[in-house]
2 protein chains.
Amino acid sequence: MLRIGAFASLNKVSVKTLRYYDEVGLLKPAHIDEQTGYRYYSASQLPLLHRILMLRDFGFTLQQIGTLVAGEQADRIIVAMLEQRAREIEEAIRAEQDQLSRIRALTHGIRSGFARTAGALEVLVKEVPALRVLSLRDTLPDYDQQGRLWEELIGYVQLHGVPVGAAIALYGEAEGGDGGDPSASGVAIEVALPLAPEDPVPPDGGGGRIRVRTLAAVREMACVIQRGGQAEMTQAYAALQDWMERGGRVPSGPGREVHHVGFKDTLDVSEHVTEIQIPISVREVPADATERSH
Amino acid sequence: MLRIGAFASLNKVSVKTLRYYDEVGLLKPAHIDEQTGYRYYSASQLPLLHRILMLRDFGFTLQQIGTLVAGEQADRIIVAMLEQRAREIEEAIRAEQDQLSRIRALTHGIRSGFARTAGALEVLVKEVPALRVLSLRDTLPDYDQQGRLWEELIGYVQLHGVPVGAAIALYGEAEGGDGGDPSASGVAIEVALPLAPEDPVPPDGGGGRIRVRTLAAVREMACVIQRGGQAEMTQAYAALQDWMERGGRVPSGPGREVHHVGFKDTLDVSEHVTEIQIPISVREVPADATERSH
DNA sequence: TGTTGACTCTCCTCCGACGGGAGGGATTAT
DNA sequence: ATAATCCCTCCCGTCGGAGGAGAGTCAACA
């Protein structure tokens with residue numbers, strides 16, 4: 001019979017740990033003195049402790065270890081548990097490698113000078129939910145003309161007075177919609193205002209140009225938030241582009257600009273806060289791309 | 001000014017999280033209503049929140065994030081922190097790959113039948129400290145003859161009545177010692193009994209055959225604990241051998257057998273508890289081995 | 001004007017696997 | 001007898017929030 005300190009030193013565990021394992025019922029001492037409360041362990045408990053420590057080393061929780069060492073049919077499930085745990089570790093390794101690549105992309109961005117001026121410090125991958133919006137789409141000669149679209153849309157909502165929330169602009173090919181004329185020269189631009197999910201649909205307006213639709217949810221959206229006007233935005237786009245290339249990501253849909261603080265809030269451009277959102281996916285190998293294009 | 005719920009939904013964080021960040025001083029609301037206690041956030045705080053979430057996503061603690069977003073000279077240290085964090089993640093990945101290889105070694109051991117009978121479920125890598133022992137070394141024709149050494153050593157200690165603790169046998173080449181004759185046919189065996197660190201050295205005994213020495217500490221010791229007698233031990237050795245090969249480990253010193261419960265405690269062999277300890281190192285590439293052999 | 005219903009507040013407990021320490025009894029060696 | 005060591009129980013802290021209780025606030029609707 002060994003006292004707790006001697007038993008602990010045999011396997012380089014702490015006395016606290018043994019007391020805790022007693023408390024949670026994982027490893028009860030062979031005997032406890034009723035007068036003094038002293039715990040006495042037997043050397044024949046060493047194999048059990050050994051097994052517990054090994055499973056702990058594998059990363060199992062003490063609860064899992066409890067089922068693995070106590071159950072009568074533990075032998076039957078231990079292989080399954082080990083394989084499950086192996087999959088978990090593989091998943092964790094993948095996640096950490098991903099983390100690492102994001103960190104490296106950022107450090108490179110800072111070194112090459114994109115970062116502090118262009119807000120690359122705030123590239124964040126997040127999920128965005130679907131969003132019901134009132135939208136107006138058109139193809140214009142260049143980006144700077146979108147003010148006309150905004151005036152048209154805002155004029156319409158002021159007539160009916162419904163929406164709230166940040167203004168959103170979408171650029172590039174239509175996202176499941178049919179507005180605009182892709183064959184026309186110029187750029188496709190869609191301006192949108194969020195609608196509450198259960199708001200009644202306002203009457204058809206603007207000669208059918210203004211529609212209610214739902215922006216698709218995006219599972220992985222690369223986002224940069226930027227203060228300031230057009231010059232800063234251009235830099236932010238450059239930084240985001242660099243970030244995507246460096247991390248092996250490609251855009252998987254039309255980009256968005258969310259104007260959290262925009263002209264409707266203040267005319268001072270330096271106060272504006274704009275979020276650039278680009279849906280991304282991991283770059284696929286050519287073989288995969290070929291599969292798709294056929 | 002946004003209420004907490006609106007601000008939270010902009011970035012898919014929970015209200016609880018924002019309240020917690022307020023509490024720890026990481027992100028204070030732009031305004032708090034003194035009457036009601038309501039927190040109001042400004043859209044211009046979005047870049048800060050964004051940065052915080054990105055750093056959280058990188059795995060920094062909130063405390064680290066606090067220094068990175070609050071400090072005046074945060075720009076100067078952020079690159080260093082990122083590189084430090086990258087090293088930490090690399091280290092974590094290495095550790096997890098190691099875990100994975102140990103798990104795979106064990107699942108293979110179970111599948112190939114070593115495990116349940118041979119105690120392979122208890123292979124554990126641990127550190128063992130240096131140990132002062134009273135030791136007797138000799139070269140004998142085979143392992144079964146070691147009983148003679150034990151009798152000689154135990155007879156000696158009963159005369160002087162000092163040591164306590166588990167009996168230890170060491171097999172193979174001398175570990176810094178000079179006992180035995182390596183050129184003789186047979187196997188080198190050392191039997192030892194632990195001595196308290198400050199025990200006085202007993203007088204020279206057994207015609208100089210019994211010495212006091214210190215077993216070296218071992219940083220990585222592969223251990224199996226086994227109940228039973230010689231048949232079980234042989235299987236345990238086989239399992240341990242298989243485990244080492246599978247995990248790319250090679251022995252880096254003489255193996256030990258620690259008799260936690262042995263003949264001195266009970267004659268019933270099935271009650272015996274023996275720990276096999278083999279110092280290991282990761283298998284080296286030939287280049288490294290060549291370096292050493294010169 | 002009252003009444004919902006959604007939102008928000010503070011305060012409390014809980015999670016895992018122990019570590020640190022206070023305050024007090026037990027054992028062992030001098 | 002005394003000192004040193006060991007052991008006990010009990011309580012608090014870790015990290016980043018989640019969950020819930022009980023109460024107050026806000027906006028819209030009848």
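A polar contact here is a pair of N or O atoms within 3.5 Å; within protein, one must be able to donate a hydrogen and the other to accept it, and residues adjacent in sequence count only if both atoms are side-chain atoms. With that rule, 10 residue pairs (both at pLDDT 80 or more) are in polar contact across the interface of chain B and chain A. The side of chain B that touches chain A draws at least two residues from each of α3 (46–57), α5 (74–111), β4 (124–128), β9 (218–227), β11 (255–261) and β12 (273–282). Helices (H or I, at least four residues) and strands (E, at least two) are DSSP runs, numbered from the N terminus.

This is a predicted model, in which local features need pLDDT of at least 70, side-chain atom pairs count only at pLDDT 80 or more, and totals for chains, interfaces and linings use all residues. Residues are numbered from 1 along each chain as its sequence is written, chains are lettered from A and ligands numbered from 1 in the order in which they are written, and side-chain values use heavy atoms, with hydrogens and water left out.

**The interface**

Back to the two chains: 51 residues of chain B are in contact (heavy atoms within 4.5 Å) with 51 residues of chain A. Together they bury about 5000 Å², 67% of it on carbon and sulfur atoms; that area is the accessible area (1.4 Å probe) that two parts lose on being put together, summed over both.

The rule also finds 4 salt bridges across this interface, a salt bridge being a side-chain nitrogen of Lys or Arg within 4 Å of a carboxyl oxygen of Asp or Glu. B:Glu90 makes a salt bridge with A:Arg104. As for who brings what, α5(B) gives the most to the side of chain B that touches chain A, with 22 residues. That side divides into 26 nonpolar, 8 polar and 17 charged residues. In this count Ala, Val, Leu, Ile, Met, Phe, Trp, Tyr, Cys and Pro are nonpolar, Asp, Glu, Lys and Arg are charged, and the others, Gly among them, are polar.

Over all chains, the structure holds 30 salt bridges. Another of them pairs A:Arg249 with A:Asp98. It links distant parts of the chain, with A:Arg249 in strand β10 (residues 249–251) of chain A and A:Asp98 in helix α5 (residues 74–111) of chain A, 151 residues apart.

| Salt bridge | N to O distance |
|---|---|
| B:Glu90 and A:Arg104 | 2.4 Å |
| A:Arg249 and A:Asp98 | 3.2 Å |

**How the copies relate**

Chain B superposes on chain A by a rotation of 180° with 0.0 Å of shift along its axis (RMSD 0.1 Å).

Chain B has an open sheet of 3 strands, ordered β1-β3-β2, with antiparallel pairing. β1 (2–3) and β2 (31–32) of chain B are at the edges with a single partner strand each, so one side of each has no neighbour in the sheet. Two strands pair if DSSP finds at least two bridges between them. β2(B) joins β3 (residues 39–41) of chain B through 2 bridges, and B:His31 has B:Tyr40 as its bridge partner in β3(B).

Conventions: Least-squares fit on C-alpha atoms with pLDDT ≥ 70 in both.
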